[in-house]
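Here are some friendly exercises on reading a helix. Keep the model open beside you and try each task before you read its solution.

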Amino acid sequence: MPVMDGIVATDHIRRYEKKNGLIPSRIIAVTGLGSADRQQQALSAGVDEYLVKPVSLHGLKKVMRIS
């Protein structure tokens, strides 16, 4: 993303939701970075699911809770 990465964006979204008393959105990170450190950063920022590419359509549907 040109202005901020997904971790920073997730952190901003979570703070906005909390500040405004909103129900948290479901945030699914789909990335090419599979390191444990990056995954932990994403989860700490509030990402609900962290998927490393390539992602199967079946796996994506499962995470998105689509039949």
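Here, helices are DSSP runs of H or I with at least four residues, numbered from the N terminus. The model you are looking at is predicted.

**Exercise 1.** Find what marks the start of H1 and what follows H1.

*Solution.* Begin at the start of H1, where a side-chain oxygen of Asp-5 comes to within 3.1 Å of the backbone nitrogen of Ile-7. Now look past the other end: Gly-21 follows H1 and has a positive phi, near 65 degrees.

**Exercise 2.** Work out which side of H1 is buried and which residues are exposed.

*Solution.* First, list the buried residues of H1: Ile-7, Ala-9, Thr-10, Arg-14 and Glu-17. These residues lie on the same side of H1, because they cover an arc of only 160 degrees around the axis.

**Exercise 3.** Decide whether Glu-17 is buried or exposed, and describe its surroundings.

*Solution.* Start by placing Glu-17 in helix H1, which runs over residues 6-19. Buried means under 20% relative accessible area. Glu-17 has a relative accessible area of 5%, so Glu-17 is buried. Then check its side chain: a polar contact of 2.9 Å links it to the side chain of Arg-14. Leaving out residues up to four places away in sequence, Glu-17 touches Leu-22, Ile-23, Pro-24 and Ser-25.

Methods:
Residues numbered from 1 in each chain as written. Predicted model: local features only at pLDDT ≥ 70, side-chain atom pairs only at ≥ 80, totals over all residues. Heavy atoms only, no water. Helix = DSSP H or I, 4+ residues; strand = E, 2+ residues; numbered from the N terminus. Buried < 20%, exposed > 50% of the residue type's maximum accessible area, 1.4 Å probe, protein only. Polar contact = N/O pair within 3.5 Å; in protein donor to acceptor, adjacent residues only side chain to side chain. Contact = heavy atoms within 4.5 Å. Arc of directions from axis to C-beta.
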